[in-house]
Amino acid sequence: MSRVIPYHEALREALALCLEHDPRVYLMGLGVPDPKGLFGSTTGLVDRFGPERVRDMPASENAMTGVALGSALAGMRPVLSHQRVDFALLAMEQMVNQVAKWHYMFGGQRPVPILIRMIVGRGWGQGAQHSQSLLSWFAHVPGLTVIAPATPHDAKALTLAAIESDDPVISFEHRWCFNVKGEVPEGIVRAPLGEAHVVREGADVTIVASSYMVLEAMRAAEQLAEDGVDAEVIDLRTVAPLDRVTLARSVRKTGHLVAADIGWTSFGVGAEVVSAVVEDAFDALRSAPRRVASPDVPSPSTPALSAGFWPRARAIVDAARAQLGRAPLPAEGPPPFPLDVPDPTFTGPF
Amino acid sequence: MMRLRAVEERIAARYPEQEMRCPTHLCVGQEAAPVGVCAALRPDDYALSHHRSHGHYLAKGGDLDRMIAEMYGRETGCSRGKGGSMHLVDLSVGFLGAVPIVASTVPIAVGAAFGARMRGEDRVAVVFLGDAAVEEGVVHESLAFASLERLPVLFVCENNLYSVQTGLEARQPSGRAIHELGAAHALSHAQLHGEDVFAIHAWAEEAVAQARAGEGPSFLEVLTYRYLEHVGPYEDVELGYRTREEVDAWRARDPIAHATRALADEVGPETIDGWMRAHAEALDAAFERAIAAPYPEPEALFEGVFRGTSTRLGEGT
Ligand SMILES: Cc1ncc(C[n+]2csc(CCOP(=O)(O)OP(=O)(O)O)c2C)c(N)n1
């Protein structure tokens, strides 16, 4: 049976199910058992499963990643959480040199079943060190599966599949998705890792997005539909390994590609999507592919600059129209509410 | 300290208006360490801080107008609005910067001291850190290097017992006081109560003198407490991670009350009231100026990623 619940609750359900069904699973991370529980994604779990399996940790990201790895080698299935991607950077050595390599480098003798959750921040002036979307960094490293659930359903289904995976998985959870509601089945639900999901079928232009940009892409598709443009929207769901088959199939149908990404433009996920399609379906392209992502500057704190930094649906609409040879839409008026928050209910500080 | 308290309380009062749109970590209750330590520094000494930096910035001589403007995202802010509360800077008074990544400024402060010594300057660097910072490996690496090189740097750890909503007992071994980490790296070290700004100041004077004399780094642990929530303007006892009794017990050892008692005989209560009034008026003006100041122009988004200049070998200072 499906109910409508927010993303953070969907995450919590997935974690609870895994804790319930597999004694090897444990959760660890700063604030995991605290009253706020990582923006609601772990609240109450410590009461159900105890502090041994739902653990806080010292602010020692690098060491604790190694601890998680060691425990996985010893038969556990750790889920390590970081309140921001930016904090996980302190653990880059363990993640890139150790977690990602261990299975291959020792001839595949032991699985490395680790899920590392990282929350992407955005808006409310969080600035340069609390809002980075470094998906492409991790996607670049062989051995890491990188997922980016955009909807409550996928938050549950991908998280569950990631915990069940015998490979290390990095999950990017976007803060602006956390309060979004959607239909989520009860009980165990899985989404396959490594497969993109066509969330909206269309014939005129392919919009490929991941994480929060999927929500903007869906808004863009609705706006395009008002003008008779039928957009296909693909949610990557798994950023690495990239599902090139689904991308090429879609572009063979539409002939146009817009790649929307939560990160920076250069060397980003969008760049990889465009490259893959150019390699696999060049002959089908009827216009130059376009990327919609943040300009290559650090994220500024002031709300005055957020409109220029974070692209929204309109940027995707503009890119698609340009590809189809349509005239640009008239300039938008001032936004109905400040663009540094997902919606007016969001009042900070985070 | 009174000024600092007044500033933080005013920020707390105005934050719900949602015009200061950045995460804001207030230091109400923790005023003694910044004030006591910074009073022992020269303007050209360096200081660095972390997410809870208002006190460190102001005590080092940072500009109140520019701090408030930064929180309002204005062009006149100390980081041109690009940083917000977590990224304060004022080079004119040696405040090299604050960043919210836990412990990241600790090695940077060691480097500032290293640079100063290499240049033959007798500057001292101070870095303020929280109790959670000592859980990060980089702090131990930094202490070891500072000790190895006998660098003129002061590590001031404000132990307020919590990292966000997690108590010290869940994060660090019992039976090891934080200041003892200084001993492990052969630094002089001490533990003081954050109620007593005078004791902290006396420690800082001595530590600075030692550092300037080339006799190496020092580590201070200050036992202190934040009265308000981790980030944001409110109290948070209802969350249940700490008790009302605990908060009240710390409030009863308030650093400002302590200083006021100590000064009462010298200056009298009217003078202290006068100070408080003057601070409040100055504050009104700072907020008004911040709100009236312009936002950065859209082009500012692209300015400052690179400097785009170069310095020829042997030129410059
Ligand atoms: C590397 C890193 N990990 C986690 C965080 C999240 N975080 C922000 S403030 C904070 C608590 C820091 O506690 P402490 O150093 O004791 O300073 P306090 O907030 O108590 O002043 C944490 C864990 C962070 N900013 N950086």
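**Figure 1. Strand 5 of chain A and its paired neighbours.** Strand 4 (residues 77-82) and strand 5 of chain A pair in the parallel sense over four bridges; strands pair here if DSSP finds at least two bridges between them. Helices (H or I, at least four residues) and strands (E, at least two) are DSSP runs, numbered from the N terminus. This is a predicted model, in which local features need pLDDT of at least 70 and side-chain atom pairs count only at pLDDT 80 or more, whereas totals for chains, interfaces and linings use all residues. Residues are numbered from 1 along each chain as its sequence is written, chains are lettered from A and ligands numbered from 1 in the order in which they are written, and side-chain values use heavy atoms, with hydrogens and water left out. A:Val79 has A:Leu115, in strand 5 of chain A, as its bridge partner. Six bridges join strand 5 of chain A to strand 7 (residues 169-174) of chain A, and these two strands run parallel. In strand 7 of chain A, A:Glu173 is the bridge partner of A:Ile119.

**Figure 2. Burial of strand 5 of chain A.** Strand 5 (residues 115-120) of chain A is largely enclosed by the rest of the structure, because six of its six residues are buried. Buried means under 20% relative accessible area, exposed over 50%, and partly exposed in between (1.4 Å probe, protein chains only). A:Leu115, A:Arg117 and A:Ile119 are buried on one side, and A:Ile116, A:Met118 and A:Val120 are buried on the other.

**Figure 3. Nonpolar cores.** A nonpolar core is a set of buried Ala, Val, Leu, Ile, Met, Phe, Trp, Tyr and Cys residues joined through side-chain atoms within 4.5 Å. The largest has 85 residues, of which A:Met95, A:Met118, A:Phe138, A:Ile170, A:Phe172, A:Val273 and A:Ile316 touch the most other members. Helix 10 (residues 213-226) of chain A gives the most to this core, with seven residues. Apart from this core lies another, of 40 residues, among them A:Phe346, B:Cys22, B:Tyr57 and B:Val93. Neighbours within four places in sequence left aside, the contacts (heavy atoms within 4.5 Å) of A:Met95 include A:Thr65, A:Ile116, A:Met118, A:Phe138 and A:Ile170.

**Figure 4. The ligand between chains A and B.** The ligand lies between chains A and B. Of the 19 residues around the ligand, A:Glu61, B:His51, B:Arg52, B:Pro100 and B:Asn160 come nearest; a residue counts as near if one of its heavy atoms lies within 4 Å. A polar side-chain atom of A:Glu61 is 2.6 Å from a nitrogen atom of the ligand. An N or O atom in the side chain of B:Asn160 lies 2.8 Å from an oxygen atom of the ligand. For B:Tyr162, a backbone N or O atom lies 2.8 Å from an oxygen atom of the ligand.

**Figure 5. The open sheet of chain B.** Six strands form an open sheet in the order 2-1-3-4-8-7 (chain B), with parallel pairing. Strand 2 (95-98) and strand 7 (188-193) of chain B are the edge strands, each pairing on one side only. From one strand to the next, the twist averages 15 degrees. Strand 4 (residues 153-159) and strand 8 (residues 218-223) of chain B run parallel and are joined by six bridges, with B:Leu154 opposite B:Ser218.

Notes
Axes fitted to C-alpha atoms, helices over the stretch in contact; angles between N-to-C directions. Polar contact = N/O pair within 3.5 Å; in protein donor to acceptor, adjacent residues only side chain to side chain.
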